[in-house]
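The sequence and structure come first.

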Amino acid sequence: MGKFDHWVEMSKPAKRPTRLADVDLFAYGAQEHWYPAYEILHREAPVQRLPGEGFAPGTDGFVLTRYEDVARVVRDPVRFKPTLTVAVEGILANSAAPDLTNAMMESMATLRPSIELWRAHRQELTDPWVGPGATRHTAMITQCTDQLIDQWIDRGEVEFISEFARPLPQMVMAHVLGFPLADLPRLAEWGTAQVAAFVWGKGHRNQLTPEQMREQFTWLDGFKEYVQRKVEEKRANPQDDMISFLTQVTYSALGRKLTDIEINGIVYAMVLGGLETTQYAIEEQAQLLCERPEVWRALKADREKIRGFTEEAMRLRAPTQGLSTRVTMQDEVFQGITVPRGSLLHLRWAAANIDPEEWENANELQLDRKAVTKHLTFSAGPRVCPGAGISRVEQVVAWRRLLERLDSIEYAPDVELRHQPGIMLGTLELKLRFRKAG
């Protein structure tokens, strides 16, 4: 967060809502009270209208919090067109990218402008590395995990975010892409710049001011140049990494090899999606274990339950709480509420994941819950998160090694759980105490 700390808002933070009129999921400080707000929305306004907050002037936004509604939307990208698709269509119609278009958007315009090409893109270009094929990285992820634990295992205490949850996915993604670990500090700063809108952006559309966008893009110019140099190096001397693979592969959907800007865009997307979700998932899992020591004991007794734990934790504490990602292509009805064509839908994954109409004892962590992967933390349908596979492997490996090497964890006496701004569920720091396994 440090690079953009000067963007911080100094408003009076929102209070815990007690009635529907108090609910503003996007107010400054609302992060501290999201889950009480979801209970109110589920009960009184599962479809919440945001007047004038639509995709185009004169249209509205709508917050969806019921599981059946969010699941219906994400599984049908034709009736509910992704905003990224709309943006790509605009690029193609204008035959030139706007000044503030990143490499990911430019590559999408050629590699995956349609649902069919989106599927081919995943199957051929990303799945072997960060999707179902991510199990190939298990040994490497284990090594990275142990390397981080080694740095603090003898201290008895750790700032869990900066010393484990954040650097682990950074190290893993560097290995996958083929970046030197010595470059991690720069890569971490670029990753922060990429997600700036989701931390500092205002409202449900995560909007930055024009000045903020220019500052973000200026900062990211260095990343684009860095990736370009790596692409050139790996074209000349390919290694066993994702960038090398992308320089060599023939993309059958288009019948050709990838251009440098297309590879740059894929790498941009990998960094954008490959760091934040996993970081926040792991840190929230640590909090759940501190608050539920009986779950820690159950996992210590049976490591086969780790996978169920990570899935339940992602359901209960979704790293990305929600996004405004779909536009209605026709009039729709949700929970008896008419949503006109052209409306922008804010899909609140976190609220859908604890919908009491979908989940029995929705707010409880149950290691034996059936259909444990049914949650919407990674979305669902044809536009499901392409990096879900590697994130899941990282989480399971992380807790397997932590449970092996620690006897217990608990909050440090001076712990203060304050959440960062934005749409992602992350605390600013997480101080833990632990006992090293004998």
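## Second largest cavity

The lining of the second largest cavity consists of nine nonpolar, no polar and no charged residues (Ala, Val, Leu, Ile, Met, Phe, Trp, Tyr, Cys and Pro count as nonpolar, Asp, Glu, Lys and Arg as charged, and the others, Gly among them, as polar). These are Trp-152, Val-158, Phe-160, Trp-399, Leu-402, Leu-406, Ile-409, Leu-432 and Phe-434. At least two lining residues come from each of helix H18 (388–405), strand E11 (406–411) and strand E12 (431–436); helices (H or I, at least four residues) and strands (E, at least two) are DSSP runs, numbered from the N terminus. The volume is about 30 Å³.

The model is predicted: local features need pLDDT of at least 70, side-chain atom pairs count only at pLDDT 80 or more, and totals for chains, interfaces and linings use all residues. Residues are numbered from 1 along each chain as its sequence is written, and side-chain values use heavy atoms, with hydrogens and water left out.

## Largest cavity

Searching the whole structure gives two cavities of 30 Å³ or more. A cavity is a set of points on a 1 Å grid over the protein atoms alone where a 1.4 Å probe fits but cannot get out, and lining residues have an atom within 4 Å of a point. Points are joined across faces, edges and corners, and a volume is the space filled by probe spheres set on them.

The largest cavity holds about 70 Å³ of space. Its lining has eight nonpolar, one polar and no charged residues, including Gln-170, Phe-179 and Val-271. Helix H8 (167–177) and helix H9 (184–194) each supply at least two lining residues, and H8 gives the most, with four.

## Helix contact

The axes of helix H14 (residues 276–291) and helix H16 (residues 306–316) come within 10 Å and cross at roughly 100°. Axes are lines fitted to C-alpha atoms, for helices over the stretch in contact, with angles from 0 to 180 degrees between N-to-C directions. H14 and H16 are therefore roughly perpendicular (65 to 115 degrees).

Ala-281, Gln-285, Leu-288 and Leu-289 of H14 meet Phe-309, Thr-310, Ala-313 and Met-314 of H16, contact being heavy atoms within 4.5 Å. Six of these residues are nonpolar, two polar and none charged.

## Aromatic pairs

There are 13 aromatic pairs in the structure (ring centres of Phe, Tyr and Trp, its six-membered ring, within 6.5 Å). One of them, Tyr-67 with Trp-359, is edge-to-face, at 5.8 Å centre to centre and 90° between the planes; edge-to-face means over 60 degrees. Tyr-67 lies in helix H2 (residues 67–74) and Trp-359 in the loop between helix H17 (349–352) and H18, 292 residues apart.

Technical notes:
Parallel < 35°, antiparallel > 145°, perpendicular 65-115°, else oblique. 1 Å grid on protein atoms, 1.4 Å probe; cavity = no way out; pocket = protein on both sides within 12 Å on 5 of 7 lines; lining within 4 Å. Phe/Tyr/Trp six-rings, centres within 6.5 Å; stacked < 30°, edge-to-face > 60°.
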